[in-house]
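Keep the viewer open and follow along.

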Amino acid sequence: MEKIGMEQTSDVDLMLEALKDAKAGSDIADNLHAAAEFCEDIDFAEVAVKNGQAIGVALKFIPYKEVEIRAAAARLLAAISQNNEKVQEKTVKCLSLLLKIASEEKEATALRFQLSAISVCFLTLVDVSYIFFQTTARYNRKSIKKFFDLNGIKLLEQILSDFSDVKVLSRALFMATCLYTQSDIILEGESEKDAVDGMKKEDIKNLYISHSIFEKAATHLKSSDCNLSENATNLLKLK
């Protein structure tokens, strides 16, 4: 906690108390959201993970029966992971669980945060500023490949087929674009030979074609929501 000044220690106490109360079943959704808000600061997130068992708390409630609690738990998992490589190494191991939960989700409120938590699993720390699909980070090649190995394409297809919420659709299209464009990205200090651990763009494009991702994206080109139409346009440029 050496990175947190004395004036912030009361906030740390509030965050840890929120995690403790949520774990105990008291005002779960409100306390998870409160903790997640603090954890958007990496120093607070590190304390939450180390002293507040934040990963375990988030995973405990992500499959919860109440939608508000599922949403808050997914938000917390995304928040504690977004700037923390060590936590990301743990959350990527939960990718299969997160995909399963998201694929079974019927409520857009929860799905938006679940997509954010899934997105965390792909990120490589390159100036991460804000996780909810407004970030300068880069997706991780290995994690992208794992997403497709776990049949994550079915989640994208399902969202674009079954949901009408513009924020959910926009995030799904943005994710689809990033999965493709960053699947073989070469980071600073790497060479082309390092990129063989990812997935070929052509293979991703073929999956998008066979699962009608481009076709479904085209239906949103004229959406009145500017973010949705923009993300649809950007994805279709890859076709």
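The accessible surface of the chain comes to about 11,700 Å², and carbon and sulfur atoms own 48% of it. Please keep in mind that this is a predicted model. Of the 239 residues, 50% count as buried. The secondary structure consists of 14 helices and 2 strands.

**Confidence**

How far does the predictor trust its own model? The average pLDDT is 87 for the chain, and 87% of the residues score at least 70. Helix 13, residues 213-218, has the highest confidence with 98, whereas strand 1, residues 123-124, has the lowest with a mean of 59. For residues 125-137 the pLDDT is below 50, and this stretch makes 41 contacts in the model beyond its near neighbours in sequence.

**Nonpolar cores**

Now to the inside. The largest nonpolar core holds 72 residues, and L32, L76, I118, F147, L156 and Y208 are the ones with the most contacts inside it. Take L32 as a place to start browsing: setting aside neighbours within four places in sequence, L32 is in contact with A22, V57, F61, I69, A72, A73 and L76. There is also a second, separate core of 5 residues, among them V67, A71, A74 and A110.

**A buried lysine**

K205 deserves a look of its own. This lysine sits in helix 12, which covers residues 201-210. K205 is buried but has no salt bridge; E202 is the nearest side chain of opposite charge, at 4.6 Å.

**Salt bridges**

The structure holds 7 salt bridges. Three of them are set out here.

| Pair | N to O distance | Location |
|---|---|---|
| E40 and R75 | 3.5 Å | loop between helix 2 and helix 3; helix 5 |
| D149 and K145 | 3.1 Å | both in helix 9 |
| E157 and K154 | 3.3 Å | both in helix 10 |

E40 and R75 meet in a salt bridge. E40 comes from the loop between helix 2 (28-38) and helix 3, while R75 belongs to helix 5 (residues 67-81), so the pair ties together parts that are 35 residues apart in sequence. E40 is partly exposed, at 34% relative accessible area, whereas R75 is buried, at 13%.

D149 and K145 are 4 residues apart in helix 9 (residues 141-149), about one turn of the helix. D149 counts as exposed, with 54% relative accessibility, and K145 as partly exposed, with 32%. In helix 10 (residues 152-162), E157 and K154 are separated by about one helical turn because they are 3 residues apart. At a relative accessible area of 19%, E157 is buried; K154, at 39%, is partly exposed.

**Backbone angles to check**

Most residues other than glycine have a negative phi. Two residues in this chain are worth checking on that score. Q53 has a phi near 50 degrees, a positive value in a residue other than glycine. Where does Q53 lie? Q53 is found in the loop between helix 3 (42-52) and helix 4 (54-61), and its relative accessible area of 49% makes it partly exposed. The phi of S212 is near 60 degrees, again positive and again not in a glycine. S212 lies in the loop between helix 12 and helix 13 and is partly exposed, at 22% relative accessibility.

**One more pair**

Finally, visit L97 in helix 7, residues 95-104. L97 is partly exposed, with a relative accessible area of 35%. From L97 to I62 the C-alpha distance is 9.6 Å, and the two are 35 residues apart in sequence.

Technical notes: Residues numbered from 1 in each chain as written. Predicted model: local features only at pLDDT ≥ 70, side-chain atom pairs only at ≥ 80, totals over all residues. Heavy atoms only, no water. Core = buried A, V, L, I, M, F, W, Y, C linked by side-chain atoms within 4.5 Å. Buried < 20%, exposed > 50% of the residue type's maximum accessible area, 1.4 Å probe, protein only. Contact = heavy atoms within 4.5 Å. pLDDT = per-residue confidence, 0-100. Areas by Shrake-Rupley, 256 points an atom, 1.4 Å probe, with all protein chains shown as cover. Lys, Arg positive; Asp, Glu negative; His and termini not counted. Salt bridge = Lys/Arg side-chain N within 4 Å of Asp/Glu carboxyl O.
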